[in-house]
Amino acid sequence: MEKIFRPNPNSFKNTFCVFHEASLDSIKGLELQYDSKSGSKYFYTKEGMYRLSNHWGRLANSKWRLEPLEPEIDSKIKLGFAPWTNFYPDNALDELYYLEANYLKKTVNYQHKKNPNYDNKAILRTSFETTKRIKQVRNLFTLTSWAKYFDYDDLDVLRKKIIYELIFTNKSLEEIKRELK
């Protein structure tokens, strides 16, 4: 009989990880190895972790995000999988995070600098600074009242210019807006 793989529970503390949504068929035959007080269920394999949960994001002392399937499944409880190599260290002091904007979907997310896709171009920030920039980018994507102070032909082009500067420079939003007026 094959030995059940069990990672050290402390290995998940203070981590950042992006899980990718998987079908429930993925855990057929796997043994439930941890059932949290909040109702999340964990299944461990040698390759990584499956987490079945109705909540994602900030979890106690970790930041775990779920990237949904396309098209999204309309269910509150979702199964996510992440390979062990996708768990990166997290803390509030170091500049660990950068932003990625999706201009078609008008969304913004943060990624860890140890992500193999990081090209060293976006500015790295602390958790607090990253959260502040995310709010600013989301407001630029969803609101239009800020644009009345600009002379522009295409709002999406103006948005893109400002968001680009927020991601790739240390300029404040006020500085960026001032330079574009």
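The following dialogue explains how to read several features of a predicted model.

Trainee: How many helices and strands are in the chain?

Mentor: Helices (H or I, at least four residues) and strands (E, at least two) are DSSP runs, numbered from the N terminus. The chain has 3 helices and 10 strands, in the order β-β-β-β-β-β-β-β-β-β-α-α-α from the N terminus on. Its C-alpha atoms fill a box of roughly 70 × 35 × 30 Å, taken along the principal axes.

Trainee: In which sense do strands β9 and β10 pair?

Mentor: Two strands pair if DSSP finds at least two bridges between them. Here β9 (residues 97–102) and β10 (residues 107–112) pair in the antiparallel sense over 6 bridges. Glu-100 has Asn-109 in β10 as its bridge partner. The hairpin has 4 residues between the strands, and Lys-106 takes a positive phi near 55 degrees.

Trainee: Which residues are closest to the centre of the largest pocket, and what is its volume?

Mentor: On a 1 Å grid over the protein atoms alone, a pocket is an open set of points where a 1.4 Å probe fits, with protein on both sides within 12 Å along at least five of seven lines; lining residues have an atom within 4 Å of a point. A volume is the space filled by probe spheres set on the points, which are joined across faces, edges and corners. The largest pocket has a volume of about 650 Å³. Of its 28 lining residues, Arg-65, Glu-67, Pro-68, Asn-109 and Gln-111 are the closest to the centre. Two or more lining residues come from each of β1 (15–22), β6 (62–67), β9 and β10, and β10 gives the largest share, 5 residues.

Trainee: Which residues touch the most other members of the largest nonpolar core?

Mentor: In soluble globular proteins, nonpolar side chains tend to be buried together. Buried means under 20% relative accessible area, exposed over 50%, and partly exposed in between (1.4 Å probe, protein chains only). A nonpolar core is a set of buried Ala, Val, Leu, Ile, Met, Phe, Trp, Tyr and Cys residues joined through side-chain atoms within 4.5 Å. In the largest core, of 26 residues, Leu-140, Trp-146, Ile-162 and Leu-166 touch the most other members. The elements giving two or more residues to this core are β1, β9, β10, α1, α2 (155–168) and α3 (173–180); α2 gives the largest share, 6 residues. Apart from this core lies another, of 11 residues, among them Met-49, Leu-59, Leu-66 and Ala-82.

Trainee: Is Arg-159 buried or exposed, and why?

Mentor: Arg-159, in helix α2, counts as buried because its relative accessibility is 6%. Contact means heavy atoms within 4.5 Å. Leaving aside neighbours within four places in sequence, Arg-159 is in contact with Lys-106, Leu-140, Phe-141, Leu-143, Thr-144 and Trp-146.

Trainee: Where does Thr-126 lie, and what does it touch?

Mentor: Thr-126 lies in the loop between β10 and α1 (127–142) and counts as buried because its relative accessibility is 12%. Not counting residues up to four places away in sequence, Thr-126 touches Ala-92, Leu-93, Asp-94 and Glu-95.

Definitions and conventions: Residues are numbered from 1 along each chain as its sequence is written. This is a predicted model: local features need pLDDT of at least 70, side-chain atom pairs count only at pLDDT 80 or more; totals for chains, interfaces and linings use all residues. Side-chain values use heavy atoms; hydrogens and water are left out.
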